[in-house]
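Visitor: I have a structure open and would like to go through part of it. Could we start with a single side chain and then move on to a helix?
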Amino acid sequence: MVLYRRNRVPGGTYFFTLTLADRSARTLVEQIEALRCSLRKTRTERPFEIVAMVVLPDHLHAVWRLPEGDDRYSTRLQVFKYRFTEALKAQGACIPRRGCGEPAIWARRFWEHTIRDDDDLRAHIEYVHYNPVKHGLTDRVSAWPYSTFHRDVVMGRSHPDWGVSPGSADGGGDA
C-alpha cells in the first residue's frame, strides 16, 4: 500500500480536488442540495472558511482555510464525503460498492495542495472558478451556477465578466 504524506499547516489554506469514483457520473450537480447540506453540516461541526469552491458533475475543487491551530482537513473531507453518501442512501439511491463492501461514490483519495502565498492563493482561486469553462461546461465563468464566483462578484472581489472563454460570442476575455 502506498503511504501518502500530507502537508499539514495549522490554520493553513489548502486547495483540494475530490472526484467521484465513476468519472462519467453527474451525481454532484444532480444532487447539489444534498451536497450543500452535507457541506453545511460539516462546517457547523468542524468549522472552516470556504475561500473558493466549484462543483462540477464528477468532481469538485475547493480552497479552504482552517481555524488557527487546526490542521485536520482530512477529517473534514472524510466527514463531508460520508455525509453526502449517507444523504444519497437516505434518498434511496442505488450506491455502488467496492469489493470490500464499502460505498463507492467517491474516489478513495483526494488531491491536496498547501497554499504558500498570496500569488498561489490567487492562482488557485482563478483555477477553481475557471474550471467549468476549462471542461467545456460553459463558455463563461458567470454562467456556471455551482461556484463561489457569484459570491465573490457580490462582494466586489471579482468582475462579473471575468473568465470568458476566448472563443465565446462576446469576443473572449481574460481567464
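This is a predicted model: local features need pLDDT of at least 70, side-chain atom pairs count only at pLDDT 80 or more; totals for chains, interfaces and linings use all residues.

Visitor: Where is Thr114 found?
Guide: Thr114 is found in strand S4.

Visitor: And is Thr114 buried or exposed?
Guide: Thr114 counts as buried because its relative accessible area is 13%, under the 20% cut-off.

Visitor: Which residues is Thr114 in contact with, leaving aside neighbours within four places in sequence?
Guide: Thr114 is in contact with Asn7, Val9, Thr13, Tyr14 and Asp120. Asp120 is also one of the buried residues of helix H4.

Visitor: Let us turn to H4, then. How many residues does H4 have, and how far does H4 reach?
Guide: Helix H4, residues 118-134, has 17 residues and reaches 23 Å from its first C-alpha to its last. That is close to the expected 24 Å.

Visitor: Where does H4 bend?
Guide: H4 bends by about 35° at Val128. A proline, Pro132, follows within four residues. Val128 and Pro132 are both among the buried residues of H4.

Visitor: What covers the buried residues of H4?
Guide: The cover includes strands S1 (13-19), S2 (49-55), S3 (59-65) and S4 (111-114), together with helix H5 (149-154). Thr114 belongs to S4.

Visitor: What about the ends of H4? Which residue caps the N-terminal end?
Guide: Asp117 caps that end, with a side-chain oxygen 3.2 Å from the backbone nitrogen of Asp119. H4 is followed by Gly136, whose phi is positive, near 75°.

Definitions and conventions:
Residues are numbered from 1 along each chain as its sequence is written. Side-chain values use heavy atoms; hydrogens and water are left out. Helices (H or I, at least four residues) and strands (E, at least two) are DSSP runs, numbered from the N terminus. The expected span of a helix is 1.5 Å times one less than its number of residues. The bend at a residue is the angle between axes fitted to the seven residues ending there and the seven starting there. Buried means under 20% relative accessible area, exposed over 50%, partly exposed in between (1.4 Å probe, protein chains only). Contact means heavy atoms within 4.5 Å. A polar contact is a pair of N or O atoms within 3.5 Å; within protein, one must be able to donate a hydrogen and the other to accept it, and residues adjacent in sequence count only if both atoms are side-chain atoms.
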